[in-house]
Amino acid sequence: KAMRMDILEDIREATDAAISEGITEREFVNRLAPALKKKGWWGKETWVDAQGNEREVQLGSVHRLKTIFRANTSTAYMAGRYRRQLALVDDRPYWMYQAILDSRTRPSHAALHGKVFRWDDPVWEFIYPPNGWGCRCIVRNLSERNLQREGLTVESGADYIQMVTRETGANMQTGEVMTVNHPVVTLPDGRTMSPDLGWGHNPGASAFGTDAS
């Protein structure tokens, strides 16, 4: 619901500062919240759609700013990690997906834990972390010696990818249902993994490209 350019610019500037200065989540909220409140982007409002139906929507809140902070800082960190790993593919051309295996981990993310694909496998276009809100997965880069010592098998992720059509919501003014092509990874044992909507891409590749040279 942040559609005004001045609101988006405030959020973007605060996010950039958070990443470059390494400020805490609390400081991010304390810096940004007063500016958003002053511009009226705070709390709940009632919106009316094209059919005259009323709907309560959440604008700014402390919880929402924390979500923005966590999502963007984790994405920036993983993009930087991708760039470093891309520079090492001559020595470490194999990448392993690693999930944090605890009670908070999505079963679909845990299904990819330990899977190894070459760095240039098409699967990384869609599943390089983060793969959703609160995703804590990482990618570990490996050498040929690592594979032999740990008894790991390199798989072809290209065989597992399928693109499906998913609904992303409806336009409140026109009622039009919006859709997007979205990746689903189906493993040989039948388990599937699909990133959250809007997360099915590699942020590092978007920022830095895929050319290792």
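Modeller: Start with Met 96, which lies in strand β3 (residues 94-98). The model is predicted, so local features need pLDDT of at least 70 and side-chain atom pairs count only at pLDDT 80 or more, while totals for chains, interfaces and linings use all residues. Residues are numbered from 1 along each chain as its sequence is written, and side-chain values use heavy atoms, with hydrogens and water left out.

Is Met 96 buried or exposed? Met 96 counts as buried, because its relative accessibility is 6%. Buried means under 20% relative accessible area, exposed means over 50%, and partly exposed is in between (1.4 Å probe, protein chains only).

What does Met 96 touch? Leave aside residues up to four places away in sequence. Then Met 96 touches Gly 114, Lys 115, Val 116, Trp 124, Ile 138, Val 139, Arg 140, Leu 142, Glu 150 and Leu 152. A contact means heavy atoms within 4.5 Å. Val 154 is 58 residues from Met 96 in sequence, yet the two C-alpha atoms are 9.1 Å apart in space.

Now widen the view to the sheet. It is an open sheet of 3 strands, in the order β4-β3-β5, with antiparallel pairing. Strands β4 (116-118) and β5 (138-142) stand at the edges, each with a single partner strand, so one side of each has no neighbour in the sheet. On average, neighbouring strands of this sheet are turned by 35 degrees against each other, direction ignored. Two strands pair if DSSP finds at least two bridges between them. Strands of a sheet pair through backbone hydrogen bonds, either parallel or antiparallel.

Look at one pairing. β3 and β4 run antiparallel and are joined by 3 bridges. Tyr 94 stands opposite Arg 118 in β4. Helix α3 packs on the sheet and touches β3 and β5. The direction of α3 makes about 10 degrees with that of β5. Axes are lines fitted to C-alpha atoms, for helices over the stretch in contact, and angles run from 0 to 180 degrees between N-to-C directions.

Next, helix α1. Residues 5-21 form it, 17 in number. From first C-alpha to last, α1 reaches 24 Å, close to the 24 Å expected at 1.5 Å a residue. That expected span is 1.5 Å times one less than the number of residues. Which residues of α1 are buried? They are Ile 7, Asp 10, Ile 11, Ala 14, Thr 15, Ala 17 and Ala 18. These cover an arc of only 160 degrees around the axis, which puts them on the same side of α1. The arc is that of the directions from the helix axis to the C-beta atoms. Their cover includes α2 (25-38) and α3 (62-86). The face turned away from the buried side carries the exposed residues Met 5, Arg 12, Glu 13 and Ser 20. Gly 22 follows α1, with a positive phi near 70 degrees.

His 109 is in helix α4 (residues 107-110). His 109 is buried, with a relative accessible area of 2%. Beyond four places in sequence, the contacts of His 109 are Tyr 97, Ala 99, Asn 131, Cys 135, Cys 137 and Met 193. Arg 145, in helix α6 (residues 144-150), counts as exposed at 63% relative accessibility. Arg 145 and Asp 6 are 139 residues apart in sequence and 52 Å apart in space, C-alpha to C-alpha.

Another open sheet of 3 strands has the order β6-β7-β8, with antiparallel pairing. Its edge strands are β6 (161-170) and β8 (192-193), each pairing on one side only. β6 and β7 (residues 177-186) pair over 9 bridges. Gly 169 stands opposite Met 178 in β7.

One loop remains. Pro 130 is found between α5 (124-127) and β5. The peptide bond from Pro 129 to Pro 130 is cis, with omega near 0 degrees.

Last, the whole chain. Its secondary structure comes to 7 helices and 8 strands. The C-alpha trace spans about 60 × 40 × 35 Å along its principal axes. Of the 213 residues, 37% count as buried.

Definitions and conventions. Helices (H or I, at least four residues) and strands (E, at least two) are DSSP runs, numbered from the N terminus.
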